[in-house]
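Okay, thanks for making the time, everyone. Let me put the structure up and then talk you through the parts I picked out.

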Amino acid sequence: MVAQKKGATARVSEDPEELARHPLQAILLADSFTTKFRPITLERPKVLLPLANIPMIDYTLAWLESAGVEEVFVFCCAHSKQVIDYLESSDWSSQPNFLVTTIESHNSISAGDALRLIYERHVIHGDFVLISGDTVSNMSLTQALQEHKERRKKDANAIMTMVVKQSKPSPITQQSRLGTDELFMAINPDTKQLLCYEDKAEYSKGFISLDKTLIADNPSTVLHNDKQDCYIDICSEEVLSLFTDNFDYQHLRRHFVKGLLVDDIMGYKIFTHEIHSSYAARIDNFRSYDTISKDIIQRWTYPFVPDVLCGNSAIRVERRGTYRASEITLSRSAQIGPFIVIGQGTEIGNDTKISHSVIGEGCTIGSNVTIEGSYIWNNVTIEDGCELRHAIVCDGVTMKSGAVLEPGVVLSFKVVVGQQFVVPAYSMVSLLQQPTQQDSDEELEYADSSSGNVELPSAKLNGDITSDLSETRHGPTSELGTGGVGYIWSIFEGGHDEEWRHSVAPIPTDKLAKIMLDKDEDEELLTQDGNVLSPSGELKSDSDANDSEDGDNEGSRDDYVSFEKEVEATFLRAVHENVKVDHVILEVNALRLSYNMASVDCAGAIFYSMMKLAVESPHSSSSELHRNAADVITTWQNLLKSFLHDIDEEIEVILKFEEICLESAKEFSPLFAQILHLLYDKDILEEDAILRWADEKEGADESDKVFVQRAEKFLQWLREAEEEED
Amino acid sequence: MDFQVVVLAGGTSKNLTPLVSKEVPKPLLPVANRPVLYYVLHQLEQSNLKDLIVVVEGKDAALLVGGWISGTFVDRLHVEIAAVPEDIGSAGAIRAISHHLTANDILVVSGDLVSDVPPGAVAANHRRHDAVVTAMLCSVPISGPSESGSSGGKDKTKKPGRYNIIGLDPGKQFLLHIATGAEIEKDTRLQKRILRAVGEMEIRSDLMDAHMYAFKRSVLQEVLDRKDTLQSLKQDVLPYLVRSQLKSEALLNRIPRAEENGNEKVSSQNNQVMVSQILANASTPSFHDLCSVSHDGSAPIRKTHKCCAYIASSSSYCARLNSIQAFMDINRDVTGEADHLLSSISDHNNIVGPSTKLGTKTTVGPHCMLGEGSEMGDKCQVKRSVIGRHCRIGSHVKVVNSVVMNHVTIGDGCIIQGSVICSNVQLQERVVLKDCQVGAGFVVTAGSEYKGESLARKEK
């Protein structure tokens, strides 16, 4: 087969027309390299999760087949065995004009690794479609491919065409529909070239920054906030080699797309293709799972809807969007619909109400059950009187009578909920214990149920689980009430936000209002008095102005400013990417050496970054600001402490704090004493340092002593404490 | 139309020395032998905007300008002349004359604007959208500095193009972002809030702010009163208004705007209703309405205002006389490609005035203008130049790409290229000037050669 392929490529080079007849290939990543579907994905790969009772990957494969793709390479990593087994047992392995080949890997932790591996196999020749196995679409590729090829003919650097779709611009819509972060894209309106891609723009809150050269090169640029990335890419072969050349590329968007746009590697360009009437969306989290399920039921994805995908007469579509498989036992008094899917062999008891839900195969649902907006997979037993609202219930779960699932609950495989037990909102329940957070900092970004962790569930499934089960079974009560089996996962630090953003439950109205307010207030903080304060540059310009008097000092001051900037960036990265404290310390030390700074400066710079983070987090009152600051200080106290070796450095921190209060973040000045006290309580500052600082300020100007006076009460208290000790 | 027009005529601009002087302030600099101010006033008259305040910097200049206007536009326009101190900026100038402003809307035009864009269209656009400010935007002149490359010495010639970075909504009606001055050289920072409201913003760097604005008087006065740090309309006030649109604005809260925002009644309703409204409101007529909904029942009404843009069609002519280079370009354009400006103005538009005397074998090329009463000797050549009134030009003189004002005496054999010769200058025999500016009343001695210099009398 390889030889035949080589022949094909040789012919391609001779005749450009031949390019069009080349079999269209696709790479399907059957691993999302994220952890958003945990705990479910600990036991089953995401692509095999049912979407309206059909595994997600079937939607993707069916679309690829209909779009004219002839050869698909399915890249499996996490639970690769399950994916391969599924594909082998399904029809996909025996399609005449649609070749599905699996590529298995056990150590890939990102899309980048996957593409590098595929490059090494030399299986891709020519343009290919890059898609992940959780994408549902019904778009036609013809036009996009055509555009891509034409561009390629004119400009060999046009290596990728990204499919985008119109969406409503409001942050509420983005949040409530797919649960994704807002996305800003700059596109040249004439060429459709993608110029800027910002999906996680925390670093410049409230503002989006466009590079000046970008504007200089494009007299007209359109900045979009109303586009949705469909995660369907048409790529040229070069994309794979680019991943190999840049071995640090992991994430398709965050590293690859941004890397190409920002670093301008070899002048490669990315273009966009906008679809208008067809459907394309990716299941990124529970919320998009919910949304896309509903879209499927409402037939936006036609022809990829349950009745068509399942073949002839297996599923009947009735009025009000009701899909019924065969052999359903339905009580007469049950109220069914609208918009529900019921799988084969399911029994539903008396007076049960079901709406806007999907029920899998072989489920047994008792009487007087209320199911609303929920996803119930196969072989689930729900006893009488249960209530489910906006929940996901996996295979084999048993809900004892009277159990209640509040909105946003996810019950993983085979969990048992005890009688009358109320599972609190947004709970994640699994038979498996939550993996410890130890290994999650660096890998959390890319790794998930895949790679290293893959052994954990399987091992547990075979051995430990049973013992776990028996243990919990024996106990009279578990975390899930009498007779319940399973663990309620605690929420990751900082995950409280994700909880409602990504859950299947509708966003509570107060949160919606908060989104809007938050987004507004971000800017009001930054736009003070008509002057646009740049979040990163404000202190610099100020201190520059102050320091211009002592000119000889300026050089070192500049150094310090850029050092401070670097430290701040390091710190922010640490915050957003959960970098370990040890690593941050290492990085800051490296910076200190390269900028030739003293450790005093490190302490100051780190403290500055912490306070800045606190002030930039949304807050509406000074008490909230105080809480922000306390949070930051508590979380990062070890980092700060590791740079406070002696009293001088502690004094530097206080001085820095004064400077912050005076210059960059005046919001802090009323909180000066409180935060000083907090730092003392946390053992970050010793009383010696504080008292020495007060003494030093004794001789200073009146204006310099403002903060000493603010803290006078606290100082008094310190002094008294000292005397008492004596 | 209930519009008051403020023409900011300027005074003795430093950019234009040695062209301007006490005798010839900037508004009276000749463009094709007419004071530059004429073009603005004429356009206003054509649009039937006849209630004018002309603001001039400096009392002496105000007298000169006033004298000229009353001589030229008597009975045609209702003009008040206001003198303001120098260097108070355009915002300061408006502050100074604020008590004269009574109409609902104010059109502020720079006196050095030479354009065929009807001010009436800008005013109408402003009214139609009920905007707080409407700015006229025009294409960056392509005929500008880059073309006349020979006179490359000037600072602005090197980088043609970008004057402003402008953000527009998809319908090109609203002004969403504007960067001027030094900001252009930095990375552009756009407010996500505005972007969220519109969904899509077009960023253009090929448009420029032509310094013709229509303001809502109440808002303009309020802003100027409250923010006394704002210096310039172009660089401070307009960006400020643009930046603060679509959000709650304590500053503007006091302005009675109830009649404008009838759709803001929802403010009293609670959160839930608000949210459901937003969600239900799939096809909002305008994003301004959407954002004007209050976010919190107890909070004061969130005011919003609209900043609009009037984009002149790319075929229209629009230039500002704010540098020597611009002075020459405009003179060339008005006699050349933009001569429709002239023909519509002039009642006697002979390019060569009726009472000029030309010697034998003297040629006057196309795109030239010779003022009345000027005399030329034999075998002269004039190309792409403007020559004022009552000039005496000797024989064998070449004038190319230059502007010669009134009462200039040019001796035999002079060669003048790319230069500006102000009034009452005397060039003796065989003077060669290239890319020079000669201030009023200066005498250039015989046989001297200058290149790229600025010659002027010492101030007495």
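This is a predicted model: local features need pLDDT of at least 70, side-chain atom pairs count only at pLDDT 80 or more; totals for chains, interfaces and linings use all residues.

Helix α1(B), residues 36-46, packs against helix α2(B), residues 59-72, with an angle of about 50 degrees and 12 Å between the axes. Is that parallel or oblique? Angles under 35 degrees count as roughly parallel and 65 to 115 as roughly perpendicular, so α1(B) and α2(B) come out oblique to each other. The crossing there is right-handed. If you want to find the contact on screen, look for L37(B), Y38(B) and L41(B) on the α1(B) side, and V65(B), W68(B), I69(B) and T72(B) on the α2(B) side.

Now compare a helix pair in chain A. Helix α20(A), residues 622-641, and helix α22(A), residues 672-681, pack with their axes 11 Å apart, at an angle of about 20 degrees. That angle makes them roughly parallel. This crossing is right-handed. From α20(A), the residues in contact are H626(A), A629(A), A630(A) and I633(A); from α22(A), they are Q674(A), I675(A), L678(A) and L679(A).

While we're on α20(A), that helix also holds S623(A). S623(A) has a relative accessibility of 48%, so we call it partly exposed. Along the sequence S623(A) and L671(A) are 48 residues apart, but their C-alpha atoms sit 8.6 Å from each other in space.

Let me zoom out for a moment. Chain A has 726 residues, with 55% of them counted as buried. I get 25 helices and 40 strands for chain A. If you take the chain A contacts with a separation of 6 or more, 61% are between residues 24 or more positions apart. The accessible surface of chain A is about 30,700 Å², and carbon and sulfur atoms make up 48% of that.

And chain B? There we have 460 residues, 57% of them buried, arranged with eleven helices and 32 strands. For chain B, 57% of the contacts with a separation of 6 or more link residues 24 or more positions apart. Its accessible surface comes to about 18,700 Å², with 49% from carbon and sulfur atoms.

Okay, strands. Quick reminder: strands of a sheet pair through backbone hydrogen bonds, either parallel or antiparallel. In chain A there's an open sheet of nine strands, and the order is β16-β17-β20-β23-β26-β29-β32-β35-β38, with mixed pairing. Which strands are at the edges? Those are β16(A), residues 315-318, and β38(A), residues 487-488, and each of them pairs on one side only. At the β38(A) end, the neighbour is β35(A), residues 428-430, and the two run antiparallel with two bridges. One residue pair to look for is V429(A), which has I488(A) in β38(A) as its bridge partner.

Strands β9(B), residues 165-168, and β10(B) are antiparallel and joined by four bridges.

F33(A) isn't a glycine, yet its phi is positive, near 55 degrees. You'll find F33(A) in the loop between β1 and β2, and with a relative accessible area of 5% it is buried. N379(A), also not a glycine, has a positive phi of about 55 degrees. That one is in the loop between β26(A) and β27(A), and at 48% relative accessibility N379(A) is partly exposed.

Then the cis peptide bonds. One runs from R38(A) to P39(A), with omega near 5 degrees, and P39(A) is in the loop between β1(A) and β2(A). Another joins Y302(A) and P303(A), with omega about 5 degrees; look for P303(A) in the loop between α11(A) and α12(A).

That's my tour, so over to you for questions.

Methods:
Residues are numbered from 1 along each chain as its sequence is written. Chains are lettered from A and ligands numbered from 1 in the order in which they are written. Side-chain values use heavy atoms; hydrogens and water are left out. Buried means under 20% relative accessible area, exposed over 50%, partly exposed in between (1.4 Å probe, protein chains only). Contact means heavy atoms within 4.5 Å. Accessible areas come from the Shrake-Rupley method with a 1.4 Å probe; for residues, only the protein chains shown count as cover. Two strands pair if DSSP finds at least two bridges between them. Axes are lines fitted to C-alpha atoms, for helices over the stretch in contact, and angles run from 0 to 180 degrees between N-to-C directions. Angles under 35 degrees count as roughly parallel, over 145 as roughly antiparallel, 65 to 115 as roughly perpendicular and the rest as oblique. A crossing is left-handed if the near helix is turned anticlockwise from the far one by less than a right angle, and right-handed if clockwise.
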